[in-house]
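Open the model in your viewer and get ready to select by residue number.

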Amino acid sequence: MKLLLHYLPLCLIALTAGTQQKNVAVVPPTQPSKLKFEKIVINARSDFEAAGAADINGDSKLDVVSGDTWYEAPRWTPHTFREIGVWGRGPDSSGYRASFAELPVDVNGDGKRDIVSSDYASAELFWHENNGSLTENWPRHSIAKPGSAETTVFAPLLGKDDKTSILPNCGGQVVWYELRAGQWIEHKVGNQGAGHGIGFGDVNRDSKCDLITPSGWWENLDARNDKWIWHAEFACKPGDLGISTPVYDFDGDGKNDIVFGSGHNFGLYWLHNLGGGKWEQLPIDLSASQFHTLVLVGDKVFTGKRYKAHDHDPGAEEPLGLYYYQFDKKKKTWQKFVIDSGTQTGTGLQIVVQDINRDRKLDIIAPGKSGLYLFLGK
């Protein structure tokens, strides 16, 4: 029955997410993670929802940065380097910390990793300059105020070697910023598609990084010179697109597909590329909610349940989890692999999946309002 439901048209299962009828929700074949990890609690009391990995002190080890603190590898010794405020907190609201992204990049070219951040309430992008001090706060610099952003991510819009261009998710416009000789250059793409959520990837397989929105995609002709074409080819349902949308030929038919999550409702979905500008939205997993951040590594989509994305979203009080998904080309179905479930570990606004300790195994940094956790590959 589950297999049949997996291929029903979305219109027949759309009510599942909206009404939480999880007894008929699509759940892919589920098994424990084939990737093995050692779970490390870096800070169980941290309520910052973003994190990054970078060599902060120049010792060739990747440290963890989250909120007002960077944690020095390998013992994860905390060092406070800035002040991050709180907003929206009240008797019936957990509120938010005023940093919705932690992006390590050497902004001023001095050889030290700085931290680029964004804040939803102030609508500002800003960066803190790494001054090398263990006792003094890092200087804060404003980049721009493009609008309230759910978070900000790196996007290789200038080519596969581009590791500094940043893409905020602003509800009113699609915009990105190029770092050029220590200065941030604003590039306005357009207003079409601007809404909750943003993603990137090579949709048409021309080796250029395109932009994905809840209601279509922007084709990258020449990003540096602001040349784009808008394609209103799909409308994601629900429209509260998560942040980052893995783009990959999951089913091996020669066309790149798109995976997206619902940030504030139930559901993880994929847009199956039928060719000719036609897309078919199909469910991957409707048993969980708040898939607010996704990361593609190889053919694996890493994600999880965000803790209190909004305090009272559908499924907000259900168990947290950290997962990855793969498409089985032989069985033509998705598989779900559980990394962690039923603990205090979920996701926030970012999830980092890379080799942190440089042992050639994938590691995961999972920040959220319920703590900061590290999963070291075994």
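Which residue of E26 stands opposite valine 297? It's lysine 300. Before going on, some housekeeping: this is a predicted model, where local features need pLDDT of at least 70, side-chain atom pairs count only at pLDDT 80 or more, and totals for chains, interfaces and linings use all residues. Residues are numbered from 1 along each chain as its sequence is written, and side-chain values use heavy atoms, with hydrogens and water left out.

(Strands are DSSP runs of E, at least two residues, numbered from the N terminus; two of them pair if DSSP finds at least two bridges between them.)

Zoom out to the open sheet, where 5 strands run in the order E1-E28-E27-E26-E25 with mixed pairing. Colour E1 (30–32) and E25 (295–297): they stand at the edges with a single partner strand each, so one side of each has no neighbour in the sheet. On average, neighbouring strands here are turned by 30° against each other, direction ignored (the axes are lines fitted to C-alpha atoms).

Next stop: select 86–90 and 93–97, strands E7 and E8, which run antiparallel and are joined by 4 bridges. They make a hairpin with 2 residues between them. Click glycine 90 and you'll find its bridge partner in E8, serine 93; for arginine 89, the E8 partner is serine 94.

Why is E8 largely enclosed by the rest of the structure? Because 4 of its 5 residues are buried, meaning under 20% relative accessible area with a 1.4 Å probe, protein chains only.

Key:
Buried means under 20% relative accessible area, exposed over 50%, partly exposed in between (1.4 Å probe, protein chains only). Axes are lines fitted to C-alpha atoms, for helices over the stretch in contact, and angles run from 0 to 180 degrees between N-to-C directions.
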